[in-house]
Amino acid sequence: MVKIPELIGLGLVVIMILAFVGAIPQVEIGLSPVFWVCAAGALMIIFYRKWKNKQEVKEN
């Protein structure tokens, strides 16, 4: 179960990099909305993992 958020986060980072350099067709180069959505998603996954780790520490 831990691997799923990591894989999704990795995918979001890859899409974010591709959107930033303009490798995705029909997406403007630079800080496009696709870039910001992927960045926010990756950040949310980081916070989710920290929250889950805190819960596991409290239970043990």
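Tutor: Gladly! Let's start with a definition: a residue is called buried when its relative accessible area is under 20%, exposed when that area is over 50%, and partly exposed in between. Keep in mind that this is a predicted model.

Student: How does glutamate 6 count on that scale?

Tutor: Glutamate 6 has 33% relative accessibility, so it counts as partly exposed. Arginine 49, at 34%, is partly exposed too.

Student: Which residue does glutamate 6 meet in a salt bridge?

Tutor: First the general idea: side chains of opposite charge can pair when their charged atoms come close. Here, the side chain of glutamate 6 forms a salt bridge with that of arginine 49, at 3.3 Å from N to O. Glutamate 6 belongs to helix α1 and arginine 49 to helix α2, so this pair ties together parts of the chain that are 43 residues apart in sequence.

Student: How many salt bridges does a search of the whole structure find?

Tutor: The search finds one.

Student: Let's turn to the helices. What span should helix α1 have?

Tutor: Helix α1 runs over residues 3–21, which makes 19 residues. At 1.5 Å a residue it should span 27 Å, and its end C-alpha atoms are 27 Å apart, so the two values agree.

Student: Which residues of α1 are buried?

Tutor: They are Pro5, Gly9, Leu12, Met16 and Ala19.

Student: What do the buried residues of α1 pack against?

Tutor: They pack against α2, which covers residues 33–59. Methionine 16 gives you a case to look at: leaving aside neighbours within four places in sequence, its contacts are Phe35, Cys38 and Ala39.

Student: And which exposed residues sit on the face of α1 turned away from its buried side?

Tutor: That face carries Lys3, Leu7, Leu10 and Val21.

Student: Which residues make up the largest nonpolar core?

Tutor: Think of a core as a set of buried nonpolar residues joined through side-chain atoms. The largest one here has five residues: Leu12, Met16, Phe35, Cys38 and Ile45. Both α1 and α2 supply at least two residues each, and α2 gives the most, with three.

Student: How many aromatic pairs are there?

Tutor: The count comes to three. One of them joins phenylalanine 20 and phenylalanine 35 in a tilted arrangement, with 5.6 Å from centre to centre and 45 degrees between the planes. This pair links distant parts of the chain, since phenylalanine 20 is in helix α1 and phenylalanine 35 in helix α2, 15 residues apart.

Student: Now the loop. Where is glutamine 26, and what is its phi?

Tutor: Glutamine 26 lies in the loop between α1 and α2. Its phi is positive, about 65 degrees, although glutamine 26 is not a glycine. Its relative accessible area is 84%, so glutamine 26 is exposed. Just after α1, glycine 22 also takes a positive phi, of about 85 degrees.

Student: Is serine 32 buried or exposed?

Tutor: Serine 32 has 2% relative accessibility, so it counts as buried. Its place is in the loop between α1 and α2. Leaving aside neighbours within four places in sequence, serine 32 is in contact with Ala19 and Val27.

Student: What comes in the segment after α2?

Tutor: Asparagine 60 is found there, and with 82% relative accessibility it counts as exposed. The C-alpha atoms of asparagine 60 and glutamine 26 are separated by 49 Å, and these residues are 34 residues apart along the chain.

How values were computed:
Residues numbered from 1 in each chain as written. Predicted model: local features only at pLDDT ≥ 70, side-chain atom pairs only at ≥ 80, totals over all residues. Heavy atoms only, no water. Helix = DSSP H or I, 4+ residues; strand = E, 2+ residues; numbered from the N terminus. Expected span 1.5 Å × (residues − 1). Buried < 20%, exposed > 50% of the residue type's maximum accessible area, 1.4 Å probe, protein only. Contact = heavy atoms within 4.5 Å. Phe/Tyr/Trp six-rings, centres within 6.5 Å; stacked < 30°, edge-to-face > 60°. Salt bridge = Lys/Arg side-chain N within 4 Å of Asp/Glu carboxyl O. Core = buried A, V, L, I, M, F, W, Y, C linked by side-chain atoms within 4.5 Å.
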